Amino acid sequence: MDHTDSRGKICTLQAYLTGGGPSGQIIDRRIRKIINGVAFASKIISREVSRISLSDLSGPTGGTNVQGETVQKLDIYSEKIVCEAMERTGSLCCMVSEESENILSLPSGAKQGEYILLFDPLDGSSNIDVNISTGTIFSIQRRVTRQGDATIEDCLQKGSSQIAAGYVLYGASTMLVLTFGHGVIGFTLDTSIGEFILSHPNITMGEHSSRMYSVNEGNYLFWSENQKRFLKTLKGLEGGEPYCTTSRYVGSLVADFHRTLFRGGLFAYPADAKNTNGKLRLLYEAAPVAMLCEQAGGKASTGEGPILDVAPTDIHCRTPVYLGSRALVDLADSFLSSQDSEERSY
Ligand code: AHG
Ligand code: MN
Ligand code: MN
């Protein structure tokens with residue numbers, strides 16, 4: 001594994017961002033500040049995740065968020081840590097968080113910038129208390145309005161205009177995986193020195209996709225007829241050879257996606273009768289992982305078109321997600337995009 005920079009030396013995140021990586025790519029100073037802020041916040045979140053059962057941050061707050069979901073204390077704490085880290089960057093004009101109903105402004109007096117951070121502070125939070133991997137997902141967009149306070153127009157941009165996207169996976173090791181639109185790179189947190197070290201200079205999904213699929217089949221009864229037919233075909237239950245012969249489902253998008261990024265296969269969160277636009281949120285879950293997926297040579301679709309082309313309708317809008325090896329996502333599209341109105345019905 002290549003942990004070194006172009007001169008054969010250990011490459012830290014900071015060294016990479018300032019041109020020390022194998023590609024020599026130099027990241028704009030304002031973007032670097034955002035990435036460094038996310039990395040700093042994730043070190044703190046990683047520490048709290050690793051000791052959650054020993055701290056008073058475990059368990060639910062007792063409230064629900066704008067998504068109608070139970071909020072964990074660590075969801076709110078993670079959001080707070082990210083926001084505090086971002087205030088000092090001077091690079092942002094606003095933020096969008098899964099845990100906040102409205103756009104988040106920077107505190108008065110904080111230096112403003114021209115970028116927007118859209119983030120899921122803690123993904124997979126229902127898994128915290130059973131010690132299963134969670135993560136932080138983020139997307140960076142550039143504002144489109146010329147001046148003044150940031151507006152909803154600055155936040156509702158397509159995934160195709162993302163400047164950068166990434167996630168931090170709090171797993172057996174803590175990894176930062178990100179893209180600036182020129183491939184996917186991975187850093188592993190060396191906790192002994194508190195540094196993210198380049199461990200995966202060029203992550204690609206590879207053509208030899210695993211025959212693995214990842215979907216919550218507990219929703220089967222709520223799926224459309226075409227989605228049911230697609231899954232049966234994938235498993236070889238419709239007469240042909242199976243496309244996939246192994247199932248894996250963690251229930252944390254970051255973990256299921258990370259495995260798919262490295263091994264190929266298919267991850268899906270289809271629309272269903274309960275979530276007719278799917279469950280995953282476009283701006284800070286689907287769009288960033290779609291950019292990473294496509295940058296690694298995979299495909300990311302809603303079942304009817306590229307996730308990166310979806311025009312957001314509101315900051316918490318949702319989308320169906322099919323992503324992974326191109327051949328398997330193409331197969332999904334062939335079932336889902338052909339569905340007309342009654343076949344779309346659940
Ligand atoms: P979050 O914890 O940020 O709300 O995200 C949970 C999401 C995502 O991580 C995962 O893929 C999906 O919910 C799992 O949903 P099900 O439990 O319905 O399978
Ligand atoms: Mn999430
Ligand atoms: Mn979350």
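Q: What is a nonpolar core here?
A: A set of buried Ala, Val, Leu, Ile, Met, Phe, Trp, Tyr and Cys residues joined through side-chain atoms within 4.5 Å. Buried means under 20% relative accessible area, exposed over 50%, and partly exposed in between (1.4 Å probe, protein chains only).

Q: And the ground rules?
A: This is a predicted model: local features need pLDDT of at least 70, side-chain atom pairs count only at pLDDT 80 or more, and totals for chains, interfaces and linings use all residues. Residues are numbered from 1 along each chain as its sequence is written, chains are lettered from A and ligands numbered from 1 in the order in which they are written, and side-chain values use heavy atoms, with hydrogens and water left out.

Q: Which residues touch the most other members of the largest nonpolar core?
A: Ile35, Met95, Leu117, Phe180 and Phe187, out of 46 residues. Helix 2 (residues 29-50) gives the most to this core, with 9 residues. Helices here are DSSP runs (H or I, at least four residues), numbered from the N terminus.

Q: What is leucine 117 in contact with?
A: Leaving aside neighbours within four places in sequence, Leu117 is in contact with Ile34, Val38, Val82, Met86, Leu92, Cys94, Met95, Val96, Phe138, Ser139 and Ile140. Contact means heavy atoms within 4.5 Å.

Q: Back to helix 2. At what angle does it cross helix 3?
A: Roughly 150 degrees, and the axes come within 8 Å of helix 3 (residues 73-87). That makes helix 2 roughly antiparallel to helix 3. The cut-offs: under 35 degrees is roughly parallel, over 145 roughly antiparallel, 65 to 115 roughly perpendicular, the rest oblique. Axes are lines fitted to C-alpha atoms, for helices over the stretch in contact, and angles run from 0 to 180 degrees between N-to-C directions.

Q: Where does tyrosine 77 lie?
A: In helix 3. Tyr77 touches Ile44, Arg47, Glu48 and Leu57, not counting residues up to four places away in sequence. The C-alpha atoms of Tyr77 and Leu57 are separated by 7.8 Å, with the two residues 20 apart along the chain.

Q: Tyrosine 77, buried or exposed?
A: Buried, with a relative accessible area of 17%.

Q: New topic. How many residues of helix 7 are buried?
A: 12 of its 14; helix 7 (residues 282-295) is mostly covered. Among them are Leu282, Tyr284, Glu285, Pro288 and Cys293.

Q: What comes just after helix 7?
A: Glycine 297, which takes a positive phi of about 95 degrees.

How values were computed: Helix = DSSP H or I, 4+ residues; strand = E, 2+ residues; numbered from the N terminus.
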